[in-house]
Amino acid sequence: MDLILKKKYGTLGHEFIEIHHKNPLYLNNTEINIDPRNDLVPLCSNCHRMIHRDKYNVLTVEYLKKILLA
């Protein structure tokens, strides 16, 4: 991912990524422990925005992949 962003945006895109919480934080009323390997997914800004486009119907990463590969 970093190489794609760096190629397109130069140094501005180098080491830039967004992190998606598989279980949205706003659904938790208490403090929780997050396991980075299982609870977080790196995504580009566009994919992250599409997943959260509808606050009440957050898409899974797997579903977004199906849409993109269709």
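Cysteine 44 counts as buried, at 18% relative accessibility, where buried denotes under 20% relative accessible area, exposed over 50% and partly exposed the range in between (1.4 Å probe, protein chains only). The model is predicted: local features need pLDDT of at least 70, side-chain atom pairs count only at pLDDT 80 or more, and totals for chains, interfaces and linings use all residues. Residues are numbered from 1 along each chain as its sequence is written, and side-chain values use heavy atoms, with hydrogens and water left out.

Cysteine 44 occupies the loop between S2 and H3; helices (H or I, at least four residues) and strands (E, at least two) are DSSP runs numbered from the N terminus. Its C-alpha lies 5.9 Å from that of glutamate 18, although 26 residues separate cysteine 44 and glutamate 18 in sequence.

| Residue | Element | Relative accessible area |
|---|---|---|
| Histidine 20 | strand S1 (residues 18–21) | 2% |
| Histidine 48 | helix H3 | 14% |

The side chain of histidine 20 forms a polar contact of 3.1 Å with the side chain of histidine 52. A polar contact is a pair of N or O atoms within 3.5 Å; within protein, one must be able to donate a hydrogen and the other to accept it, and residues adjacent in sequence count only if both atoms are side-chain atoms. Beyond neighbours within four places in sequence, histidine 20 is in contact (heavy atoms within 4.5 Å) with residues including Asp39, Leu40, His48, Ile51 and Val61. With the same exclusion, histidine 48 contacts Glu18, Ile19, His20 and Leu43.

The largest nonpolar core comprises eight residues: Val41, Leu43, Cys44, Cys47, Ile51, Leu59, Val61 and Leu64. Strand S2 (40–43), H3 and helix H4 (61–69) each contribute at least two residues of this core. Such a core is a set of buried Ala, Val, Leu, Ile, Met, Phe, Trp, Tyr and Cys residues joined through side-chain atoms within 4.5 Å. Isoleucine 51, not counting residues up to four places away in sequence, touches His20, Leu43, Asn57, Val58, Leu59, Val61 and Leu64. Cysteine 47 is placed in helix H3 and, leaving aside neighbours within four places in sequence, is in contact with Leu64 and Leu68.

The largest pocket has a volume of about 160 Å³. Its lining consists of ten residues, of which Leu5, Tyr9, Phe16, Cys44 and Ser45 lie nearest the centre. Helix H1 (2–9) and helix H3 (45–51) are the elements giving two or more residues to this lining. On a 1 Å grid over the protein atoms alone, a pocket is an open set of points where a 1.4 Å probe fits, with protein on both sides within 12 Å along at least five of seven lines; lining residues have an atom within 4 Å of a point.

Note on methods: Points joined across faces, edges and corners; volume = space filled by probe spheres on them.
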